[in-house]
Amino acid sequence: MRPPSRWPRRLLLWGGAAVVVAGAVELATWEMRTSTLQARFFSDWARGLTWEVRTQPAEGNRYPVAGPFDERRGHHRLPEFTTRLSERGYAVLSQAQQSPALQRYLERGFFAPYPERAQAGLQVRDCRGDTLFESRVPRRVYPSHEDVPLVVAQALGFIENREVLDLAEPRHNPAIEWTRLGKAVLDQFVELVHDDHPAAGGSTLATQIEKFRHSPEGRTSSAGDKYLQMVSASVRAYRDGEDTTQARHRIVLDYLNSLPLGAQKGWGEVLGVSEGLEAWYGADVDAVNRLLREPGEQPEGLQARGVALRQVLSLMIAQRRPAHYFGGGRPQLMQMTASYLRLMADEGLIAPALRDAALQAPLEVRAAFPGRIDEDASARKAATLMRVQLSTLLDTPRLYDLDRMDVSALTSIDGTLQQRITRLLGSLSDPQVAREAGLLNRQLLEQGDPARLLYSFTLYERSQGMNLVRVQTDNLAQPFDINGGAKLELGSTAKLRTLTTYLEIIASLHRQYGGLAPAALAEVEVGPKDRLTQWAIEHLRSAPNRSLQAMLDAAMERKYSASPGETFFTGGGAHTFDNFNRDDNARMPTLSVALRDSVNLVFIRLMRDIVYHHLYQASGPTAQILSDENHPERTVLLRRFADKEGSQFMRNFYRRHHGKGPTEMLAQMAASVTPTASRLAVIHRSVLPGASFEAFSAYLRTHQPRQSLDEEELLTLYQRHAPGKYSLADRGYLARLHPLELWVAAYLVEHPQATMADVLRDGAAEREASYSWLFRSRARAGQNSRILQLLEIEAFAKIHRAWARLGYPFDTLVPSYATSIGSSGDRPAALAELMGIIVNGGLRLPTVHVNGLMFAAGSPYEVVLGRRTGEPERVMVPEVAGTLRRALGLVVNEGTARRLKGSFDEPGLEPLMVGGKTGTGDNRLNTYTRGGGLISSRSTSRTATFVFYIGERHFGTLTAFVLGPEADKYSFTSALPVQILKTMAPFLKPSVAASPTEGCGVGAPTAAQAEAAR
């Protein structure tokens, strides 16, 4: 019997397999059409990707790594920002805590599925929450899907993703268009065989949004990038459930609002159709949208609608290669736009009449954006100041980048007061306004153009352990910060720093000797010229009240001569000084009165006492060094002096001769002396020791044409001054030039490419050799003079450390008694810091511009930070601060600022205590003869400053200045800023009189403000 055939079994198996395959195909077809299974899977996945805002720092959060959107908004730098701000006195008040599922999702490289706002950017608010500055990126968007003209949405779907607007299947996954994806995959395989085969992309609108927002550089560089985009787009689409109808509307909206369209000169990065219309075509966006909402076949306005449609359509195409299409590829853009217009008409999406009108419309692309009209100066000043502060705080140097970040900042600025003060300062350029403000009087603006003056004003308020900046403005129409960015000579305001140093020395002496009995005080050794210690010892021996306050009060009553009839050896030379008021010359005022009346010579002598205190303290060696010619430190100091002064001469000579040839150098030196044959011979033989006799002779005859020298005389000079005949110092003496100039010139002839560092390095021995005379014992007077110069520099280094501890902003002081009257310069902001320490009883409080910041509002990266109060730093004893405060009060009540007296008082209320220090700086460039006679004097700037306090909490500075030769036309003094502050008083009174709870806010963003930002 034959075995049964296997064919029926095989047929049965094959049939079953066919049924399974057919079912699978049917299922796949069904799934591709309806996305039912995907909808369930992705919506379930998205349901766990959550976060919540908590009032504590988050743990384990993940942040974007790259992507134009994330970089633009600063999301990728949020961990850095949080750390940086915490190191600068800020604390996290609230933060989004990501769920573990979301953290794992982000860890795998997917993009967070949250409703990304179409617009974001920097928001700066004042202390009341009012807007000072707001930057929206993109600048223009479609607010909602309903605002998008239907023809625009249809055109986008037709060009990029036709299924996105097909709402027949509510669960459809908009991240995948299967036919397009299949063709793209097939094209990729064919491209492996045929390199010239064009490969179409398979991206949908949803994946393209993920790409140009979150993929590195906005590109798809690998299959892995494509996978991340597709999964992220799918999860985002199902974030709100299985029905993606609204998600697809949102995708169209997001794409139109954020497609990248290159960068336009004068605009920057262009994002979205609305921005593209304005930036690239100069179109009225509202008019374009209004036209495109009208019926396409309507004859009225057809040509304008055609232009609008072609512009919008071209932007959708140009996003593929914007730099090309808006540049050399513009004809290609015209052709592609025309092609799509014809196809859309063929599909019935637009009427033939609209197609024809659009085909005839030109595309006139702008080469650059012309810019916008700036807002008023008062708003711009506050905004620029705060943006610069934020730029430093967030380590983001370019304001362009800062303005695009997703951050809201709450500042301490009183926006209303800032605006009023800025407008007032600006109005003072009008002579009529200046006259009404009382500025056109003696020592004010009796001469000179008011429009040329610059003013800077800053007001601080002490509140909750911080110095809050309430107003910081000027009338300079530039972003430069005069208050904190300029080095100005602020004149007699330096007397406040000098007096502060003096009182701190007195307080230090009280700590050192205040506990000693009179008998022990009599045994204290005091340096020969240390007048401050001598006075302190005598006071403590004889005073019935030995308290620190009593000693400080007595120190303020010490008298100094105001006579200008003395020459002071300081700063390396002999100097004389004048008082501003000649009536002061015969006075012998106390320090309290001298500060009140700003008497220069008193503070010159006080600075000398401070310097001598540091030089001649009993524990110091100054007296021994000067009296003992065998003291080992003498040689050390003299060598240091020779090196220091010699180095400075070398620098000057290097600048004079560098880059010049031997002939020009020799001519320049010949012109610097009376040209005798002997001097010229020394110069030539020193600079060109190997030159021929002929060259030597030609040089002498050229520069001494009136004296005939025969060959024998020239030869004698040539041989007499040959190299090695004289030392460098002797050659300098014979030539009547500094010996180091001869050496530097010779060095540059031999090494024309030498740098200044090379000259200083290789000239060490010559520096010492040129000062050989200084080391001889018979030069003791000259030695002591130069030793004192060095020791004076060291004394000023100690004074500088005392000033720097109280906010002085520069690295050095001019080592001269003139520093006490302003020669070392200052900054208004630094003066205000010192005033703040005095007002706060010797405590340094942090100066705060920004109270709080909110980043990435409404996202899983959100964080809100507020300024911590912090611990105040004790930098001055309270008694010194109180003494200074009372002394400054006399300046307003009886002294140089008395015109301000009573300006802040209110009828029926106790008078408000106001104090300050005035200062005038007249900076001039003087030219002198060799004998010291003044040839000319040219003004380079003039400044007038008033640093003040008002009441218990407010303080600040007001500075007026004019730069350049124009300063010669002005004669204003510090009375000018005092009068201007008086003019400001009506604006300032409400803020000064208000209690801390009634005035501006001081805290971080409130819950309501945070919610508004979200």
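At what angle do the axes of helix H22 and helix H24 cross? Keep in mind that this is a predicted model. H22 covers residues 494-513, and H24 covers residues 531-542. Their axes come within 10 Å and cross at roughly 50°. The two helices are therefore oblique to each other. The crossing of H22 past H24 is right-handed.

Now the contact itself. From H22 come Tyr502, Ile505, Ile506, Leu509, His510 and Tyr513. They meet Leu532, Thr533, Trp535, Ala536, Ile537 and Leu540 in H24. Of the residues in this contact, 10 are nonpolar, 2 are polar and none is charged.

On to charges. Side chains of opposite charge can pair when their charged atoms come close. How many salt bridges does the structure hold? The count is 48.

Pair one: Arg470 with Glu461, closest N and O atoms 2.9 Å apart. Arg470 is buried, at 3% relative accessible area. Glu461 is buried too, at 6%.

Pair two: Arg701 and Glu711, 3.1 Å from N to O. Arg701 sits in helix H32 and Glu711 in helix H33, 10 residues apart. Arg701 is partly exposed at 40% relative accessibility, and Glu711 is partly exposed at 44%.

Asp762 is partly exposed, at 34%. Arg761 is exposed, at 53%.

Last, the network. Salt bridges link Asp584, Arg587, Arg596, Asp597 and Glu894.

Notes:
Residues are numbered from 1 along each chain as its sequence is written. This is a predicted model: local features need pLDDT of at least 70, side-chain atom pairs count only at pLDDT 80 or more; totals for chains, interfaces and linings use all residues. Side-chain values use heavy atoms; hydrogens and water are left out. Axes are lines fitted to C-alpha atoms, for helices over the stretch in contact, and angles run from 0 to 180 degrees between N-to-C directions. Helices (H or I, at least four residues) and strands (E, at least two) are DSSP runs, numbered from the N terminus. Angles under 35 degrees count as roughly parallel, over 145 as roughly antiparallel, 65 to 115 as roughly perpendicular and the rest as oblique. A crossing is left-handed if the near helix is turned anticlockwise from the far one by less than a right angle, and right-handed if clockwise. Contact means heavy atoms within 4.5 Å. Ala, Val, Leu, Ile, Met, Phe, Trp, Tyr, Cys and Pro count as nonpolar, Asp, Glu, Lys and Arg as charged, and the others, Gly among them, as polar. A salt bridge is a side-chain nitrogen of Lys or Arg within 4 Å of a carboxyl oxygen of Asp or Glu. Buried means under 20% relative accessible area, exposed over 50%, partly exposed in between (1.4 Å probe, protein chains only).
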